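Work through the exercises below with the structure in view. Try each task before reading its solution.

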Amino acid sequence: MSRLFLGVFLLLSGLALANPLYAAGKMITIADIHFDPFYDCETSDKLCPLVQKLAIEDPKNWEEVFKQGNESSPSPYYKNTNFFLWQSTLDALQELNEKEHPQFVLVLGDFLAHGFRAHYKKYTGDTSEEGYENFVKKTYRFMMDQLNENLPDVDIYSVVGNNDSYTGDYGVTPKGKYFKDIGSIWVEGITDPANKNSFHQDFYTG
């Protein structure tokens, strides 16, 4: 089932992080986002102007592009997360952050929607590996920028899910290009110097 999960948990013991200050407190967890930038186009068998525009736009402009689409309600259960649901999730995260004052946020993987590669090819007409990887990077950039904006001054640690790769479901290439590209984006969610440095050293090896 593809549905976001949000939770607030009390940390009762130390974590495998560099900063001992995280030994106790609260954390927010997010799981199975499966963000779907193609959702607005999935009733069509044709190229999708919205997705084609996303492919050429800077991720900082993606929110305005999505607002030009036809989404008016959250995606239902058993569906990937559309932009509308993503925005309501960010609102909930912002409220939780202000209310609970978590030590950090943990994103438990699966940023990307199911069938990401197939939908990219279908709605852009682009079959190149370079084009696909650029779109994946833009998707991560868009999501991380929005998480940082709505969760200011709190560290965000991201975990690779089975849908998070360039090569397909459960596709992992240790020390590969994916880890380098996505790691350079995810590290921006970490403000703690020691943990930021640890992430730099460890993540890229996959």
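**Exercise 1: Salt bridges within helices**

K67 forms a salt bridge with E63, and their closest N and O atoms are 3.2 Å apart. The model is a predicted one.

Task: Explain how K67 and E63 are placed in helix α2, then examine the pairs D145 with R141 and K177 with D181.

Solution. 
- Step 1. Side chains of opposite charge can pair when their charged atoms come close.
- Step 2. K67 and E63 are four residues apart in helix α2, so about one helical turn separates them. E63 is partly exposed, because its relative accessible area is 22%.
- Step 3. D145 and R141 form a salt bridge with closest N and O atoms 3.7 Å apart. Being four residues apart in helix α5 (residues 129-150), D145 and R141 are also separated by about one helical turn. D145 has a relative accessible area of 31% and is therefore partly exposed; R141, at 23%, counts as partly exposed.
- Step 4. In the salt bridge between K177 and D181, the closest N and O atoms are 2.9 Å apart. Both residues lie in helix α6, four residues apart, about one turn of the helix. K177 counts as partly exposed at 44% relative accessibility, whereas D181 counts as buried at 13%.
- Step 5. K177 and D181 are linked with E133 in a network of salt bridges. The count of salt bridges comes to eight.

**Exercise 2: A buried charge**

Task: Where is D192 found, and which side chain of opposite charge is nearest to D192?

Solution. 
- Step 1. D192 is in the loop between α6 (177-186) and α7 (193-202).
- Step 2. D192 is buried, and the nearest side chain of opposite charge is that of K196, 9.8 Å away. A salt bridge needs a distance within 4 Å, and D192 has none.
- Step 3. The side chain of D192 does reach the backbone nitrogen of N195, at 2.9 Å.

**Exercise 3: The span of a helix**

Task: Check the span of helix α3 (residues 83-100) against 1.5 Å a residue.

Solution. 
- Step 1. The expected span is 1.5 Å times one less than the number of residues.
- Step 2. Among the buried residues of α3 are F83, W86, L90 and E100. Just after α3, H101 takes a positive phi of about 50°.

**Exercise 4: Residues in loops**

Task: Is N163 buried or exposed, and is Y78 buried or exposed?

Solution. 
- Step 1. N163 is in the loop between β4 (155-158) and α6. Its relative accessibility is 12%, so N163 counts as buried.
- Step 2. Leaving aside neighbours within four places in sequence, the contacts of N163 include H34, D110 and D169.
- Step 3. Y78 lies in the loop between α2 (62-67) and α3 and counts as exposed, because its relative accessibility is 64%. Y78 has a positive phi of about 70° although it is not a glycine.
- Step 4. S72 is found in the loop between α2 and α3, and at 61% relative accessibility S72 counts as exposed. S72 and F84 are twelve residues apart in sequence and 6.9 Å apart in space, C-alpha to C-alpha.

**Exercise 5: The whole chain**

Task: How many helices and strands does the protein have?

Solution. 
- Step 1. There are seven helices and four strands, following the pattern β-β-α-α-α-β-α-α-β-α-α along the sequence.
- Step 2. Of the 206 residues in the protein, 47% are buried.

Definitions and conventions:
Residues are numbered from 1 along each chain as its sequence is written. This is a predicted model: local features need pLDDT of at least 70, side-chain atom pairs count only at pLDDT 80 or more; totals for chains, interfaces and linings use all residues. Side-chain values use heavy atoms; hydrogens and water are left out. Helices (H or I, at least four residues) and strands (E, at least two) are DSSP runs, numbered from the N terminus. Buried means under 20% relative accessible area, exposed over 50%, partly exposed in between (1.4 Å probe, protein chains only). Lys and Arg count as positive and Asp and Glu as negative; His and the chain ends are not counted. A polar contact is a pair of N or O atoms within 3.5 Å; within protein, one must be able to donate a hydrogen and the other to accept it, and residues adjacent in sequence count only if both atoms are side-chain atoms. Contact means heavy atoms within 4.5 Å.
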